[in-house]
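Follow the account below with the structure open.

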Amino acid sequence: MVAYRIDRHSGVATYVQIVQQTKQALRLGLLRPGDRLPTAREVVEATAINPNTVLKAYRELEREGLVEARRGLGTFVRRSLGATPADDSPLRAGLGAWAAEARAAGLDREDVAALFAAVLDEAFPTPDGPSGHPVHPDHPSSPSSPDSPSNPSSKPALQGGDPS
């Protein structure tokens, strides 16, 4: 079962945090189809949030077709997300080594997240980038361009070494 962690200082709405953490658990295989989510009461007791907030998050997940509410039984996972590699996969090990290298290079969590997001934007371009503008990785005004003012990372990329 998933245990929600609420960061009251993140600026992200509480119900959105629950939705995001549920989706992450689905992607990582921590939740599988048929699994029951914690009841609203269980989440409220663990996190001290309003029960309506939990219900709002669960309704959003239901709207997206990820879970279904069964009257008198609870809320159950309908389908999984993605195909995230298992904990013992070479991809995860490589990413773990990269994260350790980033930490050793003096980057903090936010720096790593910004750098990773920039690399993700380059590797997986979307029709509209984070700013709502089309993403063109080779164009200097692209949101994913290192010279772009919207690039959240001001630190240089890690040098050397194969990340795998």
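In this predicted model, the second largest pocket has a volume of about 240 Å³. Its lining is made up of 17 residues, and the closest to the centre of the pocket are L55, Y58, A69, G74 and T75. Three elements each supply at least two residues of this lining: helix α3 (51–63) and the strands β1 (67–70) and β2 (74–77). The largest share, 4 residues, comes from α3. By residue class, the lining of the second largest pocket divides into 8 nonpolar, 5 charged and 4 polar residues.

One of the residues closest to the pocket centre, T75, is found in strand β2. Is T75 buried or exposed? Its relative accessibility is 13%, so T75 counts as buried, the limit for that class being under 20%. Leaving aside residues up to four places away in sequence, T75 touches D35, R36, L37, Y58, V67, E68 and A69. Two of these, Y58 and A69, are also listed among the residues closest to the centre of the pocket.

The protein averages a pLDDT of 80, and 74% of the residues score at least 70. Among the elements, α3 has the highest mean pLDDT, 97, and this helix also gives the largest share of the pocket lining. Helix α5 (residues 109–123) has the lowest mean among the elements, 89. Over residues 131–164, pLDDT stays under 50. For that stretch the model has 51 contacts beyond four places in sequence.

Key: Residues are numbered from 1 along each chain as its sequence is written. This is a predicted model: local features need pLDDT of at least 70, side-chain atom pairs count only at pLDDT 80 or more; totals for chains, interfaces and linings use all residues. Side-chain values use heavy atoms; hydrogens and water are left out. On a 1 Å grid over the protein atoms alone, a cavity is a set of points where a 1.4 Å probe fits but cannot get out, and a pocket is an open set with protein on both sides within 12 Å along at least five of seven lines; lining residues have an atom within 4 Å of a point. Grid points are joined across faces, edges and corners, and a volume is the space filled by probe spheres set on the points. Ala, Val, Leu, Ile, Met, Phe, Trp, Tyr, Cys and Pro count as nonpolar, Asp, Glu, Lys and Arg as charged, and the others, Gly among them, as polar. Buried means under 20% relative accessible area, exposed over 50%, partly exposed in between (1.4 Å probe, protein chains only). Contact means heavy atoms within 4.5 Å. pLDDT is the predictor's confidence in each residue, from 0 to 100.
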